[in-house]
Amino acid sequence: MKTKELKQLFFLFILIGLGFIYLYVNYLFIPQRSNIEQLKEKIAEGTSHLELLQSYERNPTALKNELETLQMEYSNLKDQIPDKIDKPEIVASLYNEAKLNEVQPLTVAFGTLETREGYMVQPIVFNCIGQAENVFQMINALQDDQTFQFSVESANFAKEGGLLHGQISFFAYASNSN
């Protein structure tokens, strides 16, 4: 009987030991391992950034060339953004694009003009009705508009008798560098 009790006690200790190992792995080892992996990624990112800076230190002409390239890209992008938000022009652009895509414009509402660092943002809500395909083509065309920088904030659609009624919220952007 004593050997049976010893065997049971032995298996109980093994079971408790396996439980502690399981708890250690799940609650201590795995979370710390993910933290270590994140730290390794941060160190690798910092090391690559340091190497880039050291390469610029060794070759300042490459830095100067990259700076000139970035300044040219900046000026090109800045030239694409209008200098002011002209509400009548925006309304005309929206209505023209709607008519080109065979969509019936209903209303245009302007929100409060927001001035942010370096640019202005004009919220616009445009309601229209038309075939679903035409409404989506119009939205894509407005986002590709070269005159104004439009971006869609949200769009709500409702099906009305085979036509799609759309309420599209846009942002129009303009430069704020006066």
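Let's start with E102, which is exposed, with a relative accessible area of 63%. Exposed here means over 50% relative accessible area, buried means under 20%, and partly exposed is in between, using a 1.4 Å probe and protein chains only. E102 sits in the loop between α3 (87–100) and β1 (104–110). Those labels come from DSSP runs, numbered from the N terminus: helices are H or I with at least four residues, and strands are E with at least two. For background, most residues other than glycine have a negative phi.

A quick word on what we're looking at. This is a predicted model, where local features need pLDDT of at least 70 and side-chain atom pairs count only at pLDDT 80 or more, while totals for chains, interfaces and linings use all residues. Residues are numbered from 1 along each chain as its sequence is written, and side-chain values use heavy atoms, with hydrogens and water left out.

Okay, helices. Take α3 and α4, where α4 is residues 132–143. Their axes come within 9 Å and cross at roughly 140 degrees. That makes α3 oblique to α4. The axes are lines fitted to C-alpha atoms, for helices over the stretch in contact, and the angles run from 0 to 180 degrees between N-to-C directions. As for the angle words, under 35 degrees counts as roughly parallel, over 145 as roughly antiparallel, 65 to 115 as roughly perpendicular, and the rest as oblique. The crossing of α3 and α4 is right-handed; right-handed is when the near helix is turned clockwise from the far one by less than a right angle, and left-handed is when it is turned anticlockwise.

Which residues do the meeting here? From α3 we have S93, L94, E97 and A98, and from α4 we have M138, A141 and L142. Contact, by the way, means heavy atoms within 4.5 Å. The residues of this α3 and α4 contact split into five nonpolar, one polar and one charged. Nonpolar covers Ala, Val, Leu, Ile, Met, Phe, Trp, Tyr, Cys and Pro; charged covers Asp, Glu, Lys and Arg; the others, Gly among them, are polar.

Now compare the other helix pair on my list. Helix α1 (residues 2–58) and helix α2 (residues 60–80) pack at about 105 degrees, with axes 5 Å apart. So α1 and α2 are roughly perpendicular to each other. Y56, E57 and R58 in α1 meet P60, L63 and E66 in α2. That contact has three nonpolar, no polar and three charged residues. While we're in α1, Y24 is in that helix too, and at 46% relative accessibility Y24 is partly exposed. Y24 and K42 are 18 residues apart in sequence, and their C-alpha atoms are 26 Å apart in space.

On to the core. In soluble globular proteins, nonpolar side chains tend to be buried together. A nonpolar core here is a set of buried Ala, Val, Leu, Ile, Met, Phe, Trp, Tyr and Cys residues joined through side-chain atoms within 4.5 Å. The largest one has 20 residues, and I90, L94, F126, M138, F150 and F170 touch the most other members. α3, β3 (119–130), α4 and β5 (163–175) each supply at least two residues of this core. Which element gives the largest share? That's β5, with five residues.

Beyond four places in sequence, S169 touches I124, V125, S151, V152, E153 and S154. Y173 is also in strand β5, but Y173 is partly exposed, at 24%.

Last stop, two more residues. I139 is in helix α4 and is buried at 9% relative accessibility. Then N176, in the segment after β5, is partly exposed with a relative accessible area of 25%. N176 and T115 are 61 residues apart along the chain, yet their C-alpha atoms are separated by 7.6 Å.
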